[in-house]
Amino acid sequence: MCTNGINTAQFEQMIDQIDDHIKLERRWAHNLGHQAEDAGYQTVGAKLHEAMTALDSVRALLDDAKDALEDDARDASGVTVELV
């Protein structure tokens, strides 16, 4: 569906791609955090787990963006074309 010049299906797919990337980075932060802690680097491990939590927040915001996209597309007034 295209609303106001935005292909909403494609836009949603792009948000999903960002989410997939963030999901991978979260997994890396989680794994590295455990490796750091296992090696005795407690502060590094804690910081990486903080980063992991921040990435969880980013993923939640991306879900909110997808919901907002659906709402905005539904409420959009349509495309207006003017001849100049």
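The structure is a predicted model, in which local features need a pLDDT of at least 70 and side-chain atom pairs count only at pLDDT 80 or more, while totals for chains, interfaces and linings use all residues. Residues are numbered from 1 along each chain as its sequence is written, and side-chain values use heavy atoms, with hydrogens and water left out.

The predictor's confidence in each residue is expressed as pLDDT, on a scale from 0 to 100. The chain averages a pLDDT of 88, and 86% of the residues score at least 70. Secondary-structure elements were taken as DSSP runs, numbered from the N terminus, with helices (H or I) of at least four residues and strands (E) of at least two. On this basis the chain holds 2 helices and 2 strands, arranged from the N terminus on in the order β-β-α-α. Where pLDDT is low, the predicted coordinates should not be read in detail.

Of the 84 residues of the chain, 19% count as buried. Accessible areas come from the Shrake-Rupley method with a 1.4 Å probe, and for residues only the protein chains shown count as cover. The accessible surface of the chain comes to about 6,300 Å², and 55% of this surface belongs to carbon and sulfur atoms. With contact defined as heavy atoms within 4.5 Å, 64% of the contacts between residues at least 6 apart in sequence join residues at least 24 apart.

The buried residues of α2 are Gly45, His49, Met52, Leu55, Leu62, Lys66, Leu69 and Ala73. An α-helix has 3.6 residues a turn, so residues three or four places apart point the same way. Ala65, which also lies in α2, is partly exposed because its relative accessibility is 32%. Although Ala65 and Ile15 are 50 residues apart in sequence, their C-alpha atoms are 8.0 Å apart in space.

Side chains of opposite charge can pair when their charged atoms come close. A salt bridge was assigned where a side-chain nitrogen of Lys or Arg lies within 4 Å of a carboxyl oxygen of Asp or Glu, and by this rule the count comes to 6 salt bridges. One of them joins the side chains of Glu12 and Lys66, with an N to O distance of 3.9 Å. Because Glu12 lies in helix α1 and Lys66 in helix α2, this pair ties together parts that are 54 residues apart in sequence. Glu12 is partly exposed at 25% relative accessibility, whereas Lys66 is buried, with a relative accessible area of 18%.

In a further salt bridge, the closest N and O atoms of Arg59 and Asp19 are 2.7 Å apart. Arg59 lies in α2 and Asp19 in α1, so that parts 40 residues apart in sequence are tied together by the pair. Arg59 counts as partly exposed at 23% relative accessibility, while Asp19 is buried at 13%. When residues up to four places away in sequence are not counted, Asp19 touches Arg59 and Leu62.

Arg26 and Asp56 also form a salt bridge, the closest N and O atoms being 2.5 Å apart. This pair links distant parts of the chain, with Arg26 in α1 and Asp56 in α2, 30 residues apart. Both partners are partly exposed, Arg26 with a relative accessible area of 25% and Asp56 at 31% relative accessibility. Salt bridges that share partners join Glu12, Asp16 and Lys66 into one network.

Surface patches were built from residues with over 30% relative accessible area and no salt bridge, like charges being joined within 9 Å and nonpolar side chains (Val, Leu, Ile, Met, Phe, Trp, Tyr) within 5 Å. Ile6, Phe11 and Met14 form a nonpolar patch of this kind, with about 240 Å² of accessible area together. Met14 is found in helix α1 (residues 8–38) and counts as partly exposed, given its relative accessibility of 40%.

Conventions:
Buried means under 20% relative accessible area, exposed over 50%, partly exposed in between (1.4 Å probe, protein chains only).
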